Number of protein chains: 2
Amino acid sequence: MHRTLPVASSPVRDLLALTSRPEVISFAGGLPAPELFDLDGLRAAYDLALQDRSVLQYAPTEGNPALRSLVSSRLTARGLPTSDVLITTGSQQALTLVATALLSPGAVVAVEEPTYLAALQCFQMTGARIVPVASDASGLDPESLRSVIASERPTLLYLVPTFANPTGRTLSAARRAEIAALAQEHDLWVVEDDPYGELRYRGPAVPSLASMSDRTIYLGSFSKIGAPGMRLGWVKAPADLLRTLVIVKQAADLHTSTVDQAAAALYLANNDLDAHVARLRVEYGARRDAMIAALPSTVPDGTTWTDPDGGMFVWLRLPGSVDTAELLKEALRHDVAFVPGAPFFATTPDHATFRMSFTTNTPAEIAEGMARLAQVLR
Amino acid sequence: MHRTLPVASSPVRDLLALTSRPEVISFAGGLPAPELFDLDGLRAAYDLALQDRSVLQYAPTEGNPALRSLVSSRLTARGLPTSDVLITTGSQQALTLVATALLSPGAVVAVEEPTYLAALQCFQMTGARIVPVASDASGLDPESLRSVIASERPTLLYLVPTFANPTGRTLSAARRAEIAALAQEHDLWVVEDDPYGELRYRGPAVPSLASMSDRTIYLGSFSKIGAPGMRLGWVKAPADLLRTLVIVKQAADLHTSTVDQAAAALYLANNDLDAHVARLRVEYGARRDAMIAALPSTVPDGTTWTDPDGGMFVWLRLPGSVDTAELLKEALRHDVAFVPGAPFFATTPDHATFRMSFTTNTPAEIAEGMARLAQVLR
């Protein structure tokens with residue numbers, strides 16, 4: 001009847017439906033905590049934006065000039081000198097625009113394995129072939145990347161280098177420099193997807209890949225530091241690629257909501273986002289600590305897990321040949337949920353892995369959820 | 001450096017930059033009149049929506065359930081029985097989703113000529129081949145469509161059947177029935193793009209193509225009856241295609257702004273949109289009449305133009321072999337603007353054509369703009 005798409009559905013999405021019962025303590029989602037949204041500040045920004053009827057009109061594809069300038073200044077202040085960005089409808093849209101602009105059917109995309117599910121779907125939809133690169137606790141392995149470049153000639157490397165989804169891992173500064181040099185040497189595009197970078201709970205900041213190489217396309221987002229419902233992201237790229245992305249975006253949705261963009265620009269101008277992010281760091285850091293502290297009494301001996309310095313996720317592997325998708329059904333009977341790890345793998349899934357998010361539950365809820373989970377896993 | 005896209009830029013977009021000087025009376029844009037936006041009603045809807053912090057959170061890809069239900073009811077009341085729609089980030093996004101779901105590279109798309117520029121760009125970006133179908137004052141010619149189906153086997157026919165962009169023409173009811181039968185017979189998808197259908201200034205409504213054939217994908221929009229800055233559109237399609245479009249949309253932007261959707265749902269629930277549209281009809285109808293009345297003294301003898309029953313556009317053709325792109329430069333020197341017609345043609349442009357929008361200027365401004373234009377054209 002119509003073209004069969006390579007992606008039948010999203011397991012995370014199907015799963016979110018199962019975890020929506022109010023009695024379930026869910027570690028499955030990748031959602032920010034709604035009680036920490038600055039609702040009053042954002043409502044005031046919308047009200048101010050809607051004093052001006054031009055926010056209801058069509059607007060340029062590139063995005064609200066004030067918002068572009070505020071986002072650029074913020075990136076510059078964080079160590080990534082930025083003169084302009086394209087505003088996107090969430091950073092998910094930026095991924096699709098980049099895929100459309102750079103990938104022909106049959107192009108090769110190199111990814112960490114495991115990696116962000118919706119990025120895999122987005123690349124698969126363009127007909128690209130996905131090739132995994134080995135990684136360890138310090139993130140992607142440059143030697144593995146070198147051999148993938150030699151054998152597969154990828155057009156693009158996709159990475160969440162800071163507090164990765166799903167692993168929570170951060171690529172070391174030394175490896176960033178090596179990867180930047182490889183990108184430069186081999187004309188490889190690197191997509192640095194950075195929705196979590198500001199959510200650091202300990203340790204010093206690591207410089208962004210984009211600050212080391214102009215072959216890097218940097219994706220940022222308001223979703224984790226502001227509010228995902230506004231669907232606001234941004235992309236920084238070399239000027240001529242940015243122009244191409246504007247043309248692709250024009251066909252995709254003309255422009256991102258004028259109202260949401262104006263509200264975000266006014267919010268950034270009139271509020272101290274750094275102070276808000278500092279509060280998120282304190283709250284989420286305590287939640288991270290609560291989950292990590294509970295893990296030894298939750299999981300069986302022989303389980304391994306990551307120990308993230310920031311972001312939203314812990315990544316775990318159970319001992320033996322268990323299937324966490326089966327365990328999830330049992331967990332849901334105990335009113336607790338996680339995400340099975342298999343869908344995050346581009347090629348060979350490890351069914352004993354799973355992802356746990358610590359951001360949407362308080363430390364007390366985390367303690368209760370982990371106790372329920374212990375009944376399933378131990 | 002990167003893949004060369006088939007679409008270098010948008011002439012309409014480049015042109016809008018030229019017409020933004022405040023002294024220019026522009027008939028170039030396809031914009032609704034900002035002074036007619038229901039700013040107070042929409043601001044109240046946003047304020048109400050932002051009483052609930054869940055509007056700042058991620059949301060299902062399908063869209064806000066209340067908005068989907070209100071839009072479905074409205075379509076049903078207008079003669080198109082509808083059980084569900086997918087909410088999109090403007091109807092431009094719906095076009096891209098449909099193109100991604102249905103068109104493989106090399107697929108054939110049949111279009112009226114001239115037709116909506118950004119639809120052409122969207123189809124070209126998927127690598128589709130565009131084939132024109134002949135049309136006249138009653139819209140697309142079914143006989144021409146029949147021969148295009150036989151020789152080119154198009155996957156999809158794209159149409160703005162009611163108050164078309166750029167011509168303002170409406171496809172007759174008899175021809176709609178013929179086209180619906182052809183679509184059924186030949187497994188042809190028909191995209192019925194209907195942003196203007198409610199803006200009728202005279203004559204009886206014509207049934208939608210989608211009410212005649214379940215091979216029709218119906219695209220609607222809040223942009224012309226509400227506010228385009230909110231980027232809200234919707235698509236009605238057969239259930240299994242709608243499911244595919246949801247998957248494609250998930251990769252495109254996860255979902256449309258939760259805030260804008262909630263505000264629109266509350267606006268529709270708490271306001272009389274029919275009364276607002278009735279006011280738009282009165283105002284825009286007077287503007288249409290002012291432009292049509294001024295045309296005989298504005299254009300040279302031998303010029304032809306359409307006489308639209310609704311929508312936003314009049315389409316004109318000057319006598320002889322003039323190039324309206326050249327005339328536009330002269331028009332801008334007289335502080336008046338229109339859109340040259342050539343970019344609206346998929347194949348062989350007619351450089352003597354141009355499009356005039358009557359919606360963004362008052363009758364007095366239209367009279368003054370037409371007087372300026374007469375100095376250029378006569």
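Guide: What follows is a set of questions and answers about how the terms apply here.

Guide: This is a predicted model, in which local features need pLDDT of at least 70, side-chain atom pairs count only at pLDDT 80 or more, and totals for chains, interfaces and linings use all residues. Residues are numbered from 1 along each chain as its sequence is written, chains are lettered from A and ligands numbered from 1 in the order in which they are written, and side-chain values use heavy atoms, with hydrogens and water left out.

Visitor: What makes the relation between chain B and chain A that of a two-fold axis?

Guide: A rotation of 180° with 0.0 Å of shift along its axis superposes chain B on chain A, with an RMSD of 0.0 Å. That is the relation of a two-fold axis.

Visitor: How do you know that the copies meet through the same surface?

Guide: Of the interface residues of chain B, 99% are also interface residues in chain A, so the copies meet through the same surface. Counting contact as heavy atoms within 4.5 Å, 71 residues of chain B are in contact with 70 residues of chain A.

Visitor: What is the area buried between chain B and chain A?

Guide: About 6000 Å², of which carbon and sulfur atoms give 60%. Buried area is the accessible area (1.4 Å probe) that two parts lose on being put together, summed over both. On the side of chain B that touches chain A, the elements giving two or more residues are α2, α4, α5, α8 and α9 of chain B. Of these, α8(B) gives the most, with 10 residues. Helices here are DSSP runs of H or I with at least four residues, strands are runs of E with at least two, and both are numbered from the N terminus.

Visitor: Why is T89(A) called buried?

Guide: Buried means under 20% relative accessible area, exposed over 50%, and partly exposed in between (1.4 Å probe, protein chains only). T89(A) has a relative accessible area of 3%, so T89(A) is buried. This residue lies in strand β2 of chain A, and among the residues that T89(A) touches are T89(B) and D253(B).

Visitor: What makes the pair T89(A) and D253(A) a polar contact?

Guide: A polar contact is a pair of N or O atoms within 3.5 Å; within protein, one must be able to donate a hydrogen and the other to accept it, and residues adjacent in sequence count only if both atoms are side-chain atoms. The side chains of T89(A) and D253(A) make such a contact at 2.7 Å. The side chain of T89(A) makes another with that of K249(A), at 3.4 Å.

Visitor: Why is the pair R21(A) and D335(A) called a salt bridge, and what does the pair tie together?

Guide: A salt bridge is a side-chain nitrogen of Lys or Arg within 4 Å of a carboxyl oxygen of Asp or Glu. The side chains of R21(A) and D335(A) meet at 2.9 Å, N to O. R21(A) lies in the loop between α1 and β1 of chain A, and D335(A) in the loop between α11 and β13 of chain A, so the pair ties together parts that are 314 residues apart in sequence.

Conventions. Least-squares fit on C-alpha atoms with pLDDT ≥ 70 in both. Lists of a residue's contacts leave out its neighbours within four places in sequence.
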